[in-house]
Amino acid sequence: MKVNDRTMQSHMWDAHRLITSFGATVTALEDGRISRAHVSAILDTGGTIEEPAARAEFERAVLEHAETTTPARTRAYARQQADIRNPLTLQERHDLAVQGRRIWVTDLDDGMSLLNHLLPTALAHGILDRTTRQAKLIKRVDTARRHEVRTAHEGTNAAALGTPDSGCGNEPEEEELWFDERTIDQIRADLVADMLLTGAPVIDPSLDAAPGGLGAIRATVQITMPVTTLTGVTSGGAELDGVAPVDPATARRLAGEAPGWDRVMTDPVTGWSSRSTATSPRRHSSGTSRRGIHTAASPDAEGRRDCAMTTTRTITPEAVRPTSATSPASASDITR
């Protein structure tokens, strides 16, 4: 069937639950009275009802409704019936569900990933509310600054019109202005990343066991990148731990700020590393952060062995934000 083994296990488990717990639903599907989407709605919502009698009443009520409406409406109705007929109270169901709280990452395209956080509803909406208000405050501050700059420029222009030309031809250099062009969604995402990567929990049981406690722990990542991308000759090939793509600008910035590299020679035919030596970039920014980068080599047109660099350094929000400071030229200077 060309599906993942875990996906197949999930399908087999759903089939087992359907046959053993929802026999009437299977019969209705065989008779063509409902579709597979209806079955999925019934199984997903009624699977939490463990008492057989209550589950049978739920199935009977939902099937009567499912035969006359769409799967989406069936799911909404089934959710209501599950709440009514489940012998467990909402508090009891929540106490069981909260045990499954976790965090995981889903890698997407174009060097992006989705950070998933399963936690109680009150906490999730609280996080969204706080970051939304913080983002709006940032936008208000930015709007006020724009107004101040606009007013100052209007005053300067008015004064210049009433002042005779001195004839020197020298005009004062204007300060480079920067305004926050991010949307509310972008600011909220950046705020969450900042707080998760640089903050420390309020309750820290490790303060007496480790210097600095939990706040002293910094996130580390390892990136694989061709040396031609590192020097700016090419713009692809960077990967995070070999499983997800990373944009070349971020990879070069991590490499440029790393305290040291391992130079790895690879065979052009087998791709195996044949020799490695420790080296250091000519210049890098100082700081307590540590980031990781591993540059994979590729053979040139003549089939000669190429080299790669390996370093360890901690990831911070500034390391992955787009800036003009990192460029192919600066990366080339580092690797000379």
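The largest nonpolar core of this predicted model has 15 residues, and the residues with the most contacts inside it are Phe22, Ile34, Ile42, Ile49, Phe58, Val62 and Leu63. A nonpolar core is a set of buried Ala, Val, Leu, Ile, Met, Phe, Trp, Tyr and Cys residues joined through side-chain atoms within 4.5 Å. Buried means under 20% relative accessible area, exposed means over 50%, and partly exposed lies in between (1.4 Å probe, protein chains only). In soluble globular proteins, nonpolar side chains tend to be buried together.

Because the model is predicted, local features need pLDDT of at least 70 and side-chain atom pairs count only at pLDDT 80 or more, while totals for chains, interfaces and linings use all residues. Residues are numbered from 1 along each chain as its sequence is written, and side-chain values use heavy atoms, with hydrogens and water left out.

**The nonpolar cores**

- Helices (H or I, at least four residues) and strands (E, at least two) are DSSP runs, numbered from the N terminus.
- Phenylalanine 58 is in contact (heavy atoms within 4.5 Å) with Phe22, Ile42, Thr45, Gly46, Ile49, Ala78, Gln81, Ala82 and Arg85, leaving aside residues up to four places away in sequence.
- Another core, of eight residues, lies apart from the largest one, and among its members are Met225, Val246, Leu254 and Ala255.

**Helix 5**

- Helix 5 comprises the 15 residues 71-85, which at 1.5 Å a residue should span 21 Å. The expected span is 1.5 Å times one less than the number of residues. The end C-alpha atoms are 20 Å apart, in agreement with that value.
- The buried residues of helix 5 are Thr74, Ala78, Gln81 and Ala82. These residues cover an arc of only 105° around the axis, which puts them on the same side of helix 5. The arc is that of the directions from the helix axis to the C-beta atoms.
- An α-helix has 3.6 residues a turn, so residues three or four places apart point the same way.
- The exposed residues Ala72, Arg73 and Ile84 are carried on the face of helix 5 turned away from its buried side.
- The cover over the buried residues of helix 5 includes helix 3 (36-46) and helix 4 (52-66).

**Salt bridges**

- Twelve salt bridges are present in the structure. A salt bridge is a side-chain nitrogen of Lys or Arg within 4 Å of a carboxyl oxygen of Asp or Glu.
- Aspartate 14 is joined to arginine 17 by a salt bridge whose closest N and O atoms are 3.3 Å apart. The two residues are three residues apart in helix 1 (residues 5-21), so about one helical turn separates them. Aspartate 14 is partly exposed, at 25% relative accessible area.
- Arginine 33 and aspartate 31 meet through their side chains in a salt bridge (2.8 Å, N to O), and arginine 33 is partly exposed at 38%.
- Glutamate 181 and arginine 146 also form a salt bridge (3.1 Å, N to O). Glutamate 181 lies in the loop between helix 7 (121-161) and helix 8 (184-198) and arginine 146 in helix 7, so this pair ties together parts that are 35 residues apart in sequence. Arginine 146 is partly exposed, at 26% relative accessibility.
- Salt bridges that share partners join Asp31, Arg33 and Glu67 into one network.

- Glutamate 181 is exposed, with a relative accessible area of 60%. Apart from neighbours within four places in sequence, glutamate 181 is in contact with Lys139, Arg146 and Gln186.
- Glutamate 181 and aspartate 142 are 39 residues apart in sequence, yet 9.0 Å apart in space, C-alpha to C-alpha.
- Isoleucine 184 belongs to helix 8 and is partly exposed, at 27%. Residues up to four places away in sequence aside, isoleucine 184 touches Ala135, Lys136 and Lys139.

**The chain as a whole**

- The secondary structure comes to twelve helices and nine strands.
- Of the 336 residues in the chain, 26% are buried.
- Among contacts with a separation of 6 or more, 58% are between residues 24 or more positions apart.
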